[in-house]
Amino acid sequence: MGNNEAGDFRLWQESLRGDGASFGLLFDRHRDRIFRHAYRLAADRTEAEDIMSTAFLELWRCRAKVRLVEGSVLPWLLVTTTNIARNSKRAMFRYRKLLDSLPRSEAASTASDEFVLQKEMDQDAARALGTLNNLDLHLVSLVIFEDYTIAEAAKVLDLTPAAAKTRMHRARQRMKAAWGTFQSAPALEGDRS
């Protein structure tokens with residue numbers, strides 16, 4: 001882990017004593033990484049901003065129970081962001097299911113289809129990540145997206161390094177297979193290059 005996390009412990013201790021400026025510095029230090037992580041999971045900028053905001057709100061709300069890993073709040077934020085993104089995805093699924101059950105006009109359907117086509121690539125990546133269980137998603141996020149070593153990620157997730165290495169290999173295989181399924185699906189009308 002980088003030098004950026006070195007001062008988290010001090011800032012966190014000051015935040016717990018009520019220093020809002022220290023919490024603000026923690027936010028400034030980690031917001032970009034948390035946003036990128038949320039965006040990879042949500043594949044939507046607005047949704048990613050909401051997820052990021054909720055993660056920091058949860059950091060503050062649960063501050064008495066937050067467990068720092070090697071003096072950093074970043075692992076806690078990454079895991080929390082993943083959980084919030086999954087909850088958001090489930091809520092969006094229920095909402096989409098409700099909307100799909102309602103009658104709609106042809107014009108509304110066409111506008112919606114164009115919007116979906118623009119996001120197809122990001123959504124394929126998000127769906128590939130969505131094939132993973134929570135533990136594997138956390139592991140992949142820490143290793144691939146956040147540049148943790150497998151040993152560091154194993155420590156964060158309370159796994160042995162050998163178990164983390166095996167889980168990582170299997171998760172990559174599942175994502176690769178899922179990605180291939182999405183890519184081999186027939187192209188939608190109007191999506192031919």
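Which residue lies over the face of Trp60, and at what distance from the ring centre? Please walk me through the helices around that spot too.

Analyst: That's Arg63: it sits over the face of Trp60, 3.9 Å from the ring centre. To count, NZ of Lys or CZ of Arg has to be within 6 Å of the ring centre and within 35 degrees of the ring normal. Some housekeeping before going on: this is a predicted model, where local features need pLDDT of at least 70, side-chain atom pairs count only at pLDDT 80 or more, and totals for chains, interfaces and linings use all residues. Residues are numbered from 1 along each chain as its sequence is written, and side-chain values use heavy atoms, with hydrogens and water left out.

Now the setting. The protein chain has 9 helices and 0 strands (DSSP runs numbered from the N terminus: helices are H or I with at least four residues, strands are E with at least two). Of its 193 residues, 36% are buried (buried is under 20% relative accessible area, exposed is over 50%, partly exposed is in between, with a 1.4 Å probe and protein chains only). Among contacts with a separation of 6 or more, 67% join residues 24 or more positions apart (a contact is heavy atoms within 4.5 Å).

Trp60 belongs to the stretch of H3 that meets H2. The axes of H2 and H3 come within 8 Å and cross at roughly 135 degrees (axes are lines fitted to C-alpha atoms, for helices over the stretch in contact, with angles from 0 to 180 degrees between N-to-C directions). The two helices are therefore oblique to each other (under 35 degrees is roughly parallel, over 145 roughly antiparallel, 65 to 115 roughly perpendicular, the rest oblique). Their crossing is right-handed (the near helix is turned clockwise from the far one; anticlockwise by less than a right angle is left-handed). On the H2 side the meeting residues include Phe23, Leu26, Phe27, Ile34, Phe35 and Tyr39, while H3 brings, among others, Ile51, Met52, Phe56, Leu59 and Trp60.

The structure holds 3 aromatic pairs (rings of Phe, Tyr and Trp, the last by its six-membered ring, with centres within 6.5 Å; planes under 30 degrees apart are stacked, over 60 edge-to-face, the rest tilted). One of them is Phe27 with Phe56, edge-to-face at 4.7 Å centre to centre and 70 degrees between the planes. That pair ties together distant parts of the chain, since Phe27 is in H2 (residues 20-42) and Phe56 in H3 (residues 45-61), 29 residues apart. Phe56 is buried at 4% relative accessible area, whereas Phe27, at 25%, is partly exposed. Another pair, Phe35 and Tyr39, is stacked: 6.2 Å between centres and 25 degrees between planes. These two are 4 residues apart in H2, so about one helical turn separates them. Phe35 is buried at 17%, and Tyr39 is partly exposed at 30%.

Back to Arg63, which is also one of the residues touched by Trp12. Trp12 sits in H1 and is buried, at 2% relative accessibility. Leaving out residues up to four places away in sequence, Trp12 also touches Phe23, Leu26, Leu59, Val66, Leu68 and Val73. With Val73 the C-alpha to C-alpha distance is 7.9 Å, across 61 residues of sequence. H1 (residues 8-16) itself runs up against H2: their axes come within 8 Å and cross at roughly 140 degrees. That makes H1 oblique to H2, and this crossing is left-handed. Asp8, Leu11, Trp12, Glu14 and Ser15 of H1 make the contact with Ser22, Phe23, Leu25, Leu26, Arg29 and His30 of H2.

Last, the loops on either side of H3. Most residues other than glycine have a negative phi. Ala43, in the loop between H2 and H3, has a positive phi of about 60 degrees and is buried at 3% relative accessibility. Glu70, in the loop between H3 and H4 (74-101), has a positive phi near 50 degrees; Glu70 is partly exposed, at 45%.
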